[in-house]
Amino acid sequence: FIEKISQSAERMVNLVNLLLQIARVEMGRLRIEPEPIDLKDITQKMAASLKNVLDFKSQRIEIKTNPDNIPSVQMDKEMLWQVLQNLISNALRYSPAGGVVSISISLKDNFVEYSVQDNGIGIPNDQKSRIFERFFRAGNAVKAVPEGSGLGLFFVKALVESWGGKIWFESEEGKGATFFFTVPLEGMKPKEGEVTLKV
């Protein structure tokens, strides 16, 4: 009983923190502190931070870059970390044991394009238009993983668009999903604000 109470309390704290982060983005209160970010390096560090999740379901993450040396980009590290964490965690959560999540980082003209591909449950056609809505979760996602707030992708979209990027996805139910987002090579500009994303 104590363990269940602890888990419920942790979920509630995480939800409150996420709501606070979303409010900061929407109200323009974020302080943006860009620094040169090695995109491949930060992605590898994010993958390493999920080792326990990977081990639990015998999953793995593959990271590829094109070209091999992607230039560093001036980004707010915490904002990019949050986007990567949400998309990669989702890919693992909705993929089967033994599954592979493939991450591609490609240089294209004046931006870098990320893709996060899984072989999980996918997204039903009749629910694709709502996937970035606040509090929305696809029906098959609710059945597969009852716990969830429906805020993660809404948050990710807000962050990506705040730095001038785009986000979209391709998916077929039962055959996985691939989420894409872009990072402008010019990066982000510093911005004064009251708070950072850290809670």
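## Helix α2

In the predicted model, helix α2 covers residues 39–49, and its buried residues are Leu 39, Ile 42, Thr 43, Met 46 and Ala 47. Buried denotes a relative accessible area under 20%, exposed over 50%, and partly exposed in between (1.4 Å probe, protein chains only). Viewed down the axis of α2, the buried residues lie within an arc of 145°, so they line one face of the helix; the arc is that of the directions from the helix axis to the C-beta atoms. Helices (H or I, at least four residues) and strands (E, at least two) are DSSP runs, numbered from the N terminus.

At the start of α2, the backbone nitrogen of Lys 40 has a side-chain oxygen of Asp 38 within 3.2 Å.

## Serine 106

Strand β4 (residues 100–108) contains Ser 106, which is buried at 13% relative accessibility. The side chains of Ser 106 and Ser 104 are joined by a polar contact of 3.3 Å. Such a contact is a pair of N or O atoms within 3.5 Å; within protein, one must be able to donate a hydrogen and the other to accept it, and residues adjacent in sequence count only if both atoms are side-chain atoms.

## Glycine 122

Gly 122 belongs to the loop between β5 (111–117) and α5 (139–144) and is buried, its relative accessible area being 9%.

## Basis of the values

Residues are numbered from 1 along each chain as its sequence is written. Local features need pLDDT of at least 70, side-chain atom pairs count only at pLDDT 80 or more, and totals for chains, interfaces and linings use all residues, while side-chain values use heavy atoms, leaving out hydrogens and water.
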